[in-house]
Amino acid sequence: MSDDLFDEPPAAEPDRGYADFEFERRFFVRDLPAELKDAPALIVQSYFLADDGYALRVRVQAGDVDADLTADTDPAELLRSHVADIDFAAVTVKGPAVGGTRYEAERELDPSIGVELVRRGGAPVVKVRYAAWLGADGWSIDVFGGANHPLVVAECERSGPVTGLQIPDFCVTEITDDRRFSNEYLATEPYSAWARSFAAELASQGPAFRQDFGPNTHLRL
C-alpha cells in the first residue's frame, strides 16, 4: 500500500473574502474645519512602483503627531526629526481602482525596517491624517505637505461598498475614481504642478457626486 494514503492533505487556502480589498469614496476638500483636526497621525510613505494603477508602497506612521506641513516640508527631514515617534510600518500592494473598489494587500513591518526602506528609495509622499466620526461613518482626512501642499482629501472607507453615503458639507467634489488624486500618482505628479488646471476644470464643470452608489445625503456640520 502506498505511503501516500497516509500523507497529510494539503492545507486549504484561507478564504480571505473581502480582506484584501478596500472600499472607499474620496472627496476634494478646500477648507477643513479646525475642529476636525483630531486624532492626528504623521505619515511618510514611498512608492517603489506606481504604474497604471498598480502600486507597491512602504508606509511609516507616527501616531499623535500633528506636524505643521507646508509647501517647503521635506519628507526626508521630517522623517528624520520624528523617527523616534514611528510606531507603525507596512508594505502594501495595490491594483487599479474601479468604482470605489481596489485590491489592497497590506502586511505589517518592523518600524525600524520600514523607516530604512522609506529612507532608501521610492517616490515620497508626506501627510497628516486626521480621524473623525461624521454621521454614520468614520472618515479620514489627509492634509498633504511638500509638493502636494495644500491638497486636502477626505475619504470614507468601509468593509463593503460605500453606498447611501452622508457626505459632509466641506466636501467640494467627488474624486473617487480620479487617478490624479491617488497617492501613487501624487508621488510622481504632485498636486502643485496641476492645481491651477484642476481649479479651472472645477470652475468650468462644477462639482460632481456619484449617484451610482445609491442616494447620497447632505451632512451639515
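Predicted model: local features only at pLDDT ≥ 70, side-chain atom pairs only at ≥ 80, totals over all residues.
Side chains of opposite charge can pair when their charged atoms come close. The structure contains 17 salt bridges, and several of them are described here in turn.

One of these pairs joins Glu155 to Arg26, with a distance of 3.4 Å from N to O.

A second pair links two strands. The side chains of Asp142 and Lys127 meet in a salt bridge at 2.9 Å, N to O. Because Asp142 lies in strand β7 (residues 137-144) and Lys127 in strand β6 (residues 123-134), the pair ties together parts that are 15 residues apart in sequence. Asp142 is buried, its relative accessible area being 1%, and Lys127 also counts as buried at 1% relative accessibility. Elsewhere, salt bridges with shared partners connect Glu22, Lys94 and Glu104 in one network.

Arg80 forms a salt bridge with Glu77, and their closest N and O atoms are 2.3 Å apart. Both residues are in helix α1 (residues 75-81); since they are 3 residues apart, about one helical turn separates them. Arg80 is partly exposed, with a relative accessible area of 48%, and Glu77 is likewise partly exposed, at 41%.

How values were computed. Residues numbered from 1 in each chain as written. Heavy atoms only, no water. Salt bridge = Lys/Arg side-chain N within 4 Å of Asp/Glu carboxyl O. Helix = DSSP H or I, 4+ residues; strand = E, 2+ residues; numbered from the N terminus. Buried < 20%, exposed > 50% of the residue type's maximum accessible area, 1.4 Å probe, protein only.
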